Amino acid sequence: MLLSFMKAQSSATAPNWESLPALRADTPGAGNVIHFNNAGCGLLPRPVLQAMHDHLDLEAQIGGYEASAARSVQVREFYTGLAALIGAGPDNIAFSGSATHAYATALSAIPFGPGDIILTTRNDFVSNQIAFLSLRRRFGVEIMHAPDLPTGGVDVEAMARLMKEHRPRLVAATHIPTNSGLVQPVAEIGRHCRELDLLYLVDACQSVGQYPIDVEEIGCDLLTGTCRKFLRGPRGSGFLFVSDRVLRAGYEPLFIDMHGADWSAAGEYRPSETASRFEEWEFPYATVLGCAAAVRYARGVGLELISRRTPYLAGLLRDGLDELSGVRALDQGEQLGALVTIEVEGWEAVEFKAAMDARGINSALSYRRLAQFDFGDKDVDWCLRLSPHYYNTEDEVARVVAAVADLRAGR
Ligand SMILES: Cc1ncc(COP(=O)(O)O)c(C=O)c1O
């Protein structure tokens with residue numbers, strides 16, 4: 001059964017899974033740990049590491065400003081590569097130090113006033129929810145959460161009705177939340193936004209690198225992501241996609257610097273024509289070059305292939321864990337991705353994760369304070385999150401299931 005799946009995968013797209021050993025050999029951490037925390041941070045492949053080392057060496061050899069000038073063509077490849085990955089143009093991409101920073105910068109460009117409505121979902125990322133609450137506190141915006149379907153995930157039809165009735169200033173949706181395996185139907189939401197000409201912001205932090213992303217198909221105006229998770233890039237990186245519609249309409253971040261704008265006269269400034277108006281002057285160039293290498297690497301492996309292999313491994317894991325008594329699988333929704341969340345009877349969060357760590361298995365914890373609605377509905381205070389990626393193996397899945405079974409049986 002497994003073998004036939006692998007064959008079907010390999011005949012469909014290159015590289016076939018015969019290249020899995022090579023992909024793992026390219027991953028220095030793969031031999032050290034069972035890394036099921038890709039939703040936290042993916043393991044770096046060698047070319048990413050090399051790109052960053054090379055640039056730091058160059059900075060040490062010739063100077064930081066001189067090194068970035070010498071590598072301007074390669075820096076540009078971050079924009080062209082990421083643009084190709086998400087179906088955008090290079091001038092629609094802004095680099096950022098984190099997805100959260102990109103998100104906050106995007107929000108800061110919207111001139112919210114009292115009574116403006118932000119329509120979002122019950123599964124939007126914790127920091128986005130906090131940002132909305134902060135906007136409510138400062139500017140008196142109103143926050144609406146579209147209801148979920150009984151099977152999990154947002155009820156798009158109900159959300160569309162709220163759009164029509166309330167004409168929100170902003171519609172915001174997180175593609176894949178941090179706290180469960182749910183994949184939200186962001187393109188369906190986007191179709192309604194386009195029909196009604198509503199501003200639409202998507203958080204694709206967990207989905208970029210896991211699924212093919214096409215901003216045209218999603219119909220979003222703004223989209224944020226990171227390079228460190230399923231793209232397997234470095235920490236301290238994020239990005240913002242800004243549509244031509246938004247650029248033409250003149251949206252600009254509240255705090256715009258000398259990179260994003262020209263100080264054209266003593267009392268005037270002119271924002272740049274491109275998404276660079278959402279960037280800052282100072283850049284971690286080694287990180288940007290690492291991101292460019294990560295995007296190249298992901299495109300080389302192939303997003304179609306990744307988007308089938310990764311949820312497949314997560315599905316195997318979910319099925320294995322589901323059979324264990326005292327272990328509750330928490331993921332709900334029509335489409336489930338690479339994040340697998342469980343509650344384990346008889347254990348406290350920190351000690352359970354520590355016991356997994358001790359077995360050489362990387363995982364993560366999620367708490368109610370990170371997912372008030374979702375964990376409230378499921379009546380859980382914490383969960384263990386396991387998130388494989390394409391370079392993980394079926395054998396690792398089996399070892400993780402065995403470890404959870406063993407730990408559970410010990411209580
Ligand atoms: C869905 C989602 N959005 C946003 C973020 C924030 O990303 P960053 O830590 O780069 O700000 C995360 C991080 O886990 C996430 O899972």
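View 1. Val202 stands opposite Leu223, a residue of E7. Here E6 and E7 run parallel to each other and are joined over three bridges; two strands are said to pair if DSSP finds at least two bridges between them. The strand labels come from DSSP runs of E (at least two residues), helices from runs of H or I (at least four residues), and both are numbered from the N terminus. On E7's pairing with strand E8 (residues 238–242), the sense is antiparallel, over five bridges. Within that pairing, look for Gly225, whose bridge partner in E8 is Phe239.

A word on what you are looking at: this is a predicted model, where local features need pLDDT of at least 70, side-chain atom pairs count only at pLDDT 80 or more, and totals for chains, interfaces and linings use all residues. Residues are numbered from 1 along each chain as its sequence is written.

**View 2. The two faces of E7.** Five of the five residues of strand E7 (residues 222–226) are buried, so the strand is largely enclosed by the rest of the structure. Buried means that 20 or more other C-beta atoms lie within 10 Å of a residue's own, exposed means 12 or fewer, and partly exposed is in between, with C-beta atoms placed from the backbone. In a regular strand, side chains alternate between the two faces of the sheet. In E7, Leu222, Thr224 and Thr226 are buried on one side, and Leu223 and Gly225 are buried on the other.

**View 3. Two loop residues with positive phi.** Which residue sits in the loop between helix H8 (156–166) and strand E5 (170–174)? That is Arg167, whose phi is positive, about 45 degrees, although it is not a glycine. Arg167 counts as partly exposed because it has 13 C-beta neighbours inside 10 Å. Asp197 belongs to the loop between helix H9 (186–196) and strand E6 (200–203). Its phi is near 55 degrees, again positive in a residue other than glycine. Asp197 has 9 C-beta neighbours inside 10 Å, so it counts as exposed.

**View 4. The shell around the ligand.** The ligand is surrounded by 13 residues, the closest being Ser98, Ala99, Thr100, Thr178 and Cys205; a residue belongs here if its C-beta atom, placed from the backbone, lies within 6 Å of the ligand. By type, the shell holds four nonpolar, eight polar and one charged residue. Nonpolar covers Ala, Val, Leu, Ile, Met, Phe, Trp, Tyr, Cys and Pro, charged covers Asp, Glu, Lys and Arg, and the others, Gly among them, are polar.
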